[in-house]
Amino acid sequence: MALPSNLQPDEASPEWLSKGDNAWQLTAATLVGMQSVPGLVILYGSIVKKKWAVNSAFMALYAFAAVLVCWVGWGYQMSFGDGLFPFLGRPNVAMDQAFLLKKTFSGFLPNATMIYFQFVFAAITLILIAGALLGRMNFHAWMLFVPLWLTFSYTITCYSIFNPQGWLYKMGLIDYSGGYVIHLSSGVAGFTAAYWVGPRATNDRERFPPNNILLMLAGAGLLWMGWSGFNGGDPYMVSTDASLAVLNTHVCTATSLLTWLLLDIAFFGKPSVIGATQGMITGLVCITPAAGVVQGWAAIIMGMMSGSIPWYTMMVLHKKYGILKKVDDTMAVFHTHAVAGSLGGILAGFFAHPRLCRIFYLTNNWEHYIGLAYGLHSGHVGAGFKQMGIQFLGIVFVVIVNVITTSIICLFLRCFIPLRLDDDELQVGDDAIHGEEAYALWGDGEKYDGSKHNSVYGMEELPMNAPKAEP
């Protein structure tokens, strides 16, 4: 039976290419990219103090661009190319058309699509690290940190866990979409970098109000909706498992947000918008390593735990332990990503359904991918405990790699350039660093340097060119 003309294979659409899968994969990648640009650009620029809005947003935008150049230059091949070590690939470019148009290592996609898809994950990891450093890191140091960390840290965990030749992948670690590679890595690396960079100015650390909560919610909304591509794209095909992953993602996130909100009301008396946003993020992070391999009821339980355990570590434990109090983690990335990512990895090892794992990993191997809960129920107790052990091993590996590599990179950089802005720049913020400010209070982009107040009350006189009030 002859195929319709639009499905006939040709040079542009070879027999191995699935047009539907390729279309969804490009869409999913763009959704993830929009989580960063403009999602986290908006969120970072609005959740910080007004004087840090430009710097915070630009740290995210710069990282997105810098990662892409490094990714096609050498990062992709170090993460998904031929093995150099059991934990790292051989550096090589990924820009030749002969390579880009070939079938990729998994699914029915060209390499070009896979490179784009994996790039947006690498980019958002660096942007999440930036969240721990907002409000004081030297931008020039950040410009160097991004390519170094991508090269010497991200590629190691990515190859080990996502690449079929990686040692943790071969052991059977369950990380559906990056709970380890993206979130645990960024949480640990961000916290470590924050230690070496040092804290914000004292007055900023004591009082750091958002400059625009409504814009913050817009950025958070892009982050949430973009997660449909984050988790829905990781089967590398349009499959039933992709649909399950998307639904579980939103169920867990909504449950986590509501749990965090109720805890805020119960203990602080008010429903905090910023707190609800944190609960949203922890839900998204927690479900990521398990999205397509757990049942819906498990996603709800994970949401309840991701809305309460990171809440407890942030609101209670953070105030009790010296190291947590000492390190100035601006966006609480350690709690929202390292704690929530580890929690998701552990719960994935407990709730992973064998049938769903076989659908996702396309394997009938009963020695791997059996959650402890189902191992106990089906009599595969040893396999269930083995899976939990692998999940914990993965956490230990990612933590050690990121603490060591991030520390080495920071210590290396500070031999040549200060990691932290000087005190004068810390007091001024955006204008001192970029010569630009987020909001013009007077005229059309003009500043009124003589103003010492946020309102006209108490000012001795208005400038001659100050705009008249609207009637």
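Helices here are DSSP runs of H or I with at least four residues, numbered from the N terminus. The model is predicted, so local features need pLDDT of at least 70 and side-chain atom pairs count only at pLDDT 80 or more, while totals for chains, interfaces and linings use all residues. Residues are numbered from 1 along each chain as its sequence is written, and side-chain values use heavy atoms, with hydrogens and water left out.

**Exercise 1.** Work out where Trp227 and Phe230 lie and what kind of ring pair they form.

Step 1: pick the rule. Rings of Phe, Tyr and Trp (its six-membered ring) pair if their centres lie within 6.5 Å; planes under 30 degrees apart count as stacked, over 60 as edge-to-face and the rest as tilted.

Step 2: apply it. The ring centres of Trp227 and Phe230 are 4.6 Å apart and the planes are at 25°, so this pair is stacked.

Step 3: check the surroundings. Buried means under 20% relative accessible area, exposed over 50% and partly exposed in between (1.4 Å probe, protein chains only). Trp227 comes out at 1%, so Trp227 is buried, and Phe230, at 0%, is buried too.

Step 4: zoom out. Ring pairs link Trp227 and Phe230 into a cluster whose members also include Trp71, Tyr76 and Phe80.

**Exercise 2.** Now classify the pair formed by Trp167 and Phe397.

Step 1: start with the total. The structure holds 27 aromatic pairs.

Step 2: look at the geometry. For Trp167 and Phe397 the centres are 5.1 Å apart and the planes are at 85°, so the pair is edge-to-face.

Step 3: find the helices. Trp167 is in α6 (residues 167–171) and Phe397 in α18 (residues 381–413), so the pair links distant parts of the chain, 230 residues apart.

Step 4: Trp167 is partly exposed at 27%, whereas Phe397 is buried at 16%.

**Exercise 3.** Describe the setting of Ser56.

Step 1: Ser56 is found in helix α2 (residues 53–80), and with a relative accessible area of 0% Ser56 is buried.

Step 2: a polar atom of the Ser56 side chain lies 2.8 Å from the backbone oxygen of Trp52.

Step 3: leaving aside neighbours within four places in sequence, Ser56 is in contact (heavy atoms within 4.5 Å) with Tyr44, Val48 and Leu134.

Terms used. Helix = DSSP H or I, 4+ residues; strand = E, 2+ residues; numbered from the N terminus. Polar contact = N/O pair within 3.5 Å; in protein donor to acceptor, adjacent residues only side chain to side chain.
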